[in-house]
Amino acid sequence: MNQTLARRVVAEAIGTSFLLAAVVGSGIMAERLASGNIALALLANTWATGAALLALILTFGPISGAHFNPIVSLSSLIEKEIDSKLFALYSCTQIAGAVAGVMLANIMFSLPAISFSRHIRGGAEQLLSEFVASFGLVIVIAGCARQRWNAVAFAVAAYISAAYWFTPSTSFANPAVTIARSLSDTFAGIAPGNVPGFVVAQILGGVLATLLFRWLVPKSQNMETN
């Protein structure tokens, strides 16, 4: 592996790890401090996640593209922005980084490094929610990347913060995040049995969004307008 590729992979690992540490860690802190007020806990979890996401994309975007998400990498593969080798490396790295971030959050709050979640997130409405959340995320990224590339970090952070509230699943929209959050029996967790359905819905949403935006704003058209 050459140094440039190694830097990109390490950036994805660190970025995804910190993102999950923020998601799960803030969920634990919020649950402990909110005294049973779920709305307040979710609000605190939202703010922390959105802020961390913005900071991490701004930090690692110039190095790896700051995907932190296999469906974002899959979208880039479909658009031929990355090759299959880099897609595989990114996806594996993102999952490993996400798991490491969850374990870190658990340990920081004096919990077992791994504790399988009992938080049931089942039902057709939850799967539809994840499809919608993932579709919207990829649309936002594709649109900003083609037309306002310097706004991607802000747009993604804003969208995920909003999607925490307009989707009943609280917008996982990320297979790596979904897998890793099954390893924390806390506020942000998801029962392992619900993971496969979420992942399938996320992939379908991301792929459809990529294909739709390819038609809405063709790259050739974008190059001409710029």
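1. At the start of α2, the backbone nitrogen of A39 has a side-chain oxygen of N37 within 3.2 Å. The model is a predicted one, in which local features need pLDDT of at least 70 and side-chain atom pairs count only at pLDDT 80 or more, while totals for chains, interfaces and linings use all residues. Residues are numbered from 1 along each chain as its sequence is written, and side-chain values use heavy atoms, with hydrogens and water left out.

2. Helix α2, residues 38–64, bends by about 35° at L58, the bend being the angle between axes fitted to the seven residues ending there and the seven starting there. A proline, P62, follows within four residues, and after α2 comes G65, with a positive phi near 95°.

3. The largest pocket holds about 880 Å³ of space, and of the 46 residues lining the largest pocket, G65, A66, V72, I141 and V152 lie nearest its centre. With seven residues, α2 gives the most to this lining of the largest pocket.

4. S76 has its place in helix α3, residues 70–78, and is buried, with a relative accessible area of 7%. Leaving aside residues up to four places away in sequence, S76 touches H67, E81 and I82.

Conventions:
Helices (H or I, at least four residues) and strands (E, at least two) are DSSP runs, numbered from the N terminus. Buried means under 20% relative accessible area, exposed over 50%, partly exposed in between (1.4 Å probe, protein chains only). Contact means heavy atoms within 4.5 Å. A polar contact is a pair of N or O atoms within 3.5 Å; within protein, one must be able to donate a hydrogen and the other to accept it, and residues adjacent in sequence count only if both atoms are side-chain atoms. On a 1 Å grid over the protein atoms alone, a cavity is a set of points where a 1.4 Å probe fits but cannot get out, and a pocket is an open set with protein on both sides within 12 Å along at least five of seven lines; lining residues have an atom within 4 Å of a point. Grid points are joined across faces, edges and corners, and a volume is the space filled by probe spheres set on the points.
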